[in-house]
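Please keep the sequence and the structure at hand while reading.

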Amino acid sequence: MKPALVLAAALALSAAAAPSSAATPTADPLERFHHQSLAWGPCQDAELAAAGAECSTLTVPLDYRAPDGRTLPIAVSRIRAADPAARHGILLSNPGGPGNRGLALPVALRAQLAPAAAGAYDLIGMDPRGVGASGGLDCGLNHGSWLRSSGSGPAGFRESWRLAKADADACWGKYPDLLPHLTTLNTARDLDVLRAALGEQRTSFFGQSYGALLGAVYAQLYPGRVDRLVLDSALDPARYGVGAFQDMAAANERALDDFAAWAAPRDDTYRLGATAAAVRATVQGLVRRAEAAPIAVDGFRLDGAVLPFLLTLCQGDDRDSADYAGVLRQLLDAADGKPVQAGPALHALLTAVLAPDPAAGADLAAAIGYLCDDVAMPRSPGWYAAAVERSRATRPVFGPVFNGPIPCASWRSSPEEPLVQVRNAVPALQIHSTGDTHAPYPGALALHARLSGSRLLTVPGRIHTVLLNGYSPCAQRAVDAYLSTGVLPPADATC
C-alpha cells in the first residue's frame, strides 16, 4: 500500500523583436541559457548511479521577465538511449506533485516501458525549481501534508486554520524572494531551456498527475516543440486549486462506498459489517471515536483530524482492499482497548502520516509554493468554514478534509502572471482510471475536450498514475506503441 495541479500564464519569452526596423534579426533574451553546455558526470543518488545514469546542473533564470538577473541551478539526470542507431530523441518527464522529485524518474520509466520504447530515447529527469536537489526549500515543516479533517466543531476548524497558516508563514519568513517564482509556468520554461541545452528541436514528454498538467501547459506554450506527449492521470486545469481538492472529497466518498461493497461479503474475515451500509457506518463510527479520544496504536496516537486523511491513503488503489480492511480491523481493535501489533500496512501509514521522513516536509514546502503562486485562492476563514459545513451532508468522512483551510489562504502575495488557458490541438495520449481519487475522471474528460488532438484511453478501476503502477497491461501496450511509433490510437478507447 502506498501512502500516496497546473495552470500558468502564456508568456513565451523565447524570442523578442528588436525595437528597430522589421529587417533587424530577432534577439533571443534566453540565448545564453539555450546554448549552455551541460557537464555530465556521475550521479550522487545511489539508484541513479546503479542504473548508469549521468547527472548535471542546468542554469535557468529565477525570473524569466528579467533573464539577466539572478539564476537558479536545476538538477537533471539522463539515461542514454540503449541503441544510438535507433535513437528517436529525448523524453522529458515529471512525476507529479507539485513538489515531487523527478531526478530518479528515468529509472522507473526504463523499468516499466518496453525495452524498444524506453531504449529509443535519452530519458531525462529533473528536480523542478525549489524541489530536492534543485534548491529544495527547507521551511522547517515536519509533516508531509497540510490536509487534515476540520472535525465536527469550531475548535477543529480553528486548529486547521492555525496549522495551515503556520506552514505559509514558515516559508514566507525564509524565502520571500524565491517563492513568487515557484510556478508551473516557470517550470515549463525550465523544461524548454533544458530541451534547447540538450540540442534538440523537439522533445517528447511523460507526465503523471500534476506532471500531466505540466505537460499540457508546455504544449500550450511551445506547441511546435512537442514530439510525443503522454499524460497519465491529469487533473482538470480549470479546477486546479481549491476546486481540485473539493473534487477529491467526492471521489474519496465514492471510493469508500466501493470498498464497503467489497468488504461486506467478507464480514466473516474482517468483521466490518455484513452490508455496504454497515461497513460505511463502521468507518464513520471509527472517525467519531477518534475525535472523542485518540486511538493509541504502534506508539502513535491517531486522532480524528488525522484519521480521515490516513484513510484516503488506503483508497488510492483498489488492489489494496485487503490491506485497507486489515488496517480498519486493527484500528477498531485498538479503539476497543485490545492489544494490537500493527501490521506492515498500518505501520507504514502511521509512520508516513505521523513521523514522516524529513524530505517529506521539504517537498511539502515546495508543493505549497507552487500551488499558492499558480492560482489565487479564497482568503476568508468563513469561506472554508462554510465549505466544510456544506460538505458534511454528502461527504461526511472526507468533506472536512478536502474543504478545510489550506496554506494558500494565508499566502502573502498573489500570482504574478495570469493563468494560461490550456486549449490546443497538439497530439497527446491520455490515460486515466475511472475511479481515480486524486485526479477524478471527470477532470480527464475536461482536459481531453481542451486537447482536441488527444486520444483518451480509459482504464476501469481505481488507481492514480496508471503506467508506473503497472495497473493495466492494455494501457502499457498503448503507451509503448505510441512512444515507439508516434502513432496515436485511431479513436478514444476503454481498456
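The model under discussion is predicted.

## Helix H13 and its cover

Helix H13 spans residues 344-354, and its buried residues are Ala345, Leu346, Leu349, Leu350 and Val353. These residues lie on the same side of H13 because they cover an arc of only 125° around the axis.

Side chains of opposite charge can pair when their charged atoms come close. The structure contains 24 salt bridges.

One of them joins the side chains of Glu54 and Arg80, at 3.0 Å from N to O. Glu54 belongs to strand S2 (residues 54-61), whereas Arg80 lies in the loop between strand S3 (71-79) and strand S4 (89-94), 26 residues apart. Glu54 is buried, because its relative accessible area of 19% is under the 20% cut-off. Glu54 and Arg80 also form a network of salt bridges with Arg78.

## Two further pairs

Arg129 and Asp190 meet in a salt bridge of 2.8 Å, N to O. Arg129 is in the loop between strand S5 (121-126) and helix H5 (154-172), and Asp190 is in helix H6 (residues 184-197), 61 residues apart. Both Arg129 and Asp190 are buried.

In the salt bridge between Asp227 and Arg202, the closest N and O atoms are 3.9 Å apart. Asp227 sits in strand S7 (residues 226-232), and Arg202 in the loop between H6 and strand S6 (203-208). Arg202 is partly exposed, with a relative accessible area of 43%.

Key. Residues numbered from 1 in each chain as written. Predicted model: local features only at pLDDT ≥ 70, side-chain atom pairs only at ≥ 80, totals over all residues. Heavy atoms only, no water. Buried < 20%, exposed > 50% of the residue type's maximum accessible area, 1.4 Å probe, protein only. Helix = DSSP H or I, 4+ residues; strand = E, 2+ residues; numbered from the N terminus. Arc of directions from axis to C-beta. Salt bridge = Lys/Arg side-chain N within 4 Å of Asp/Glu carboxyl O.
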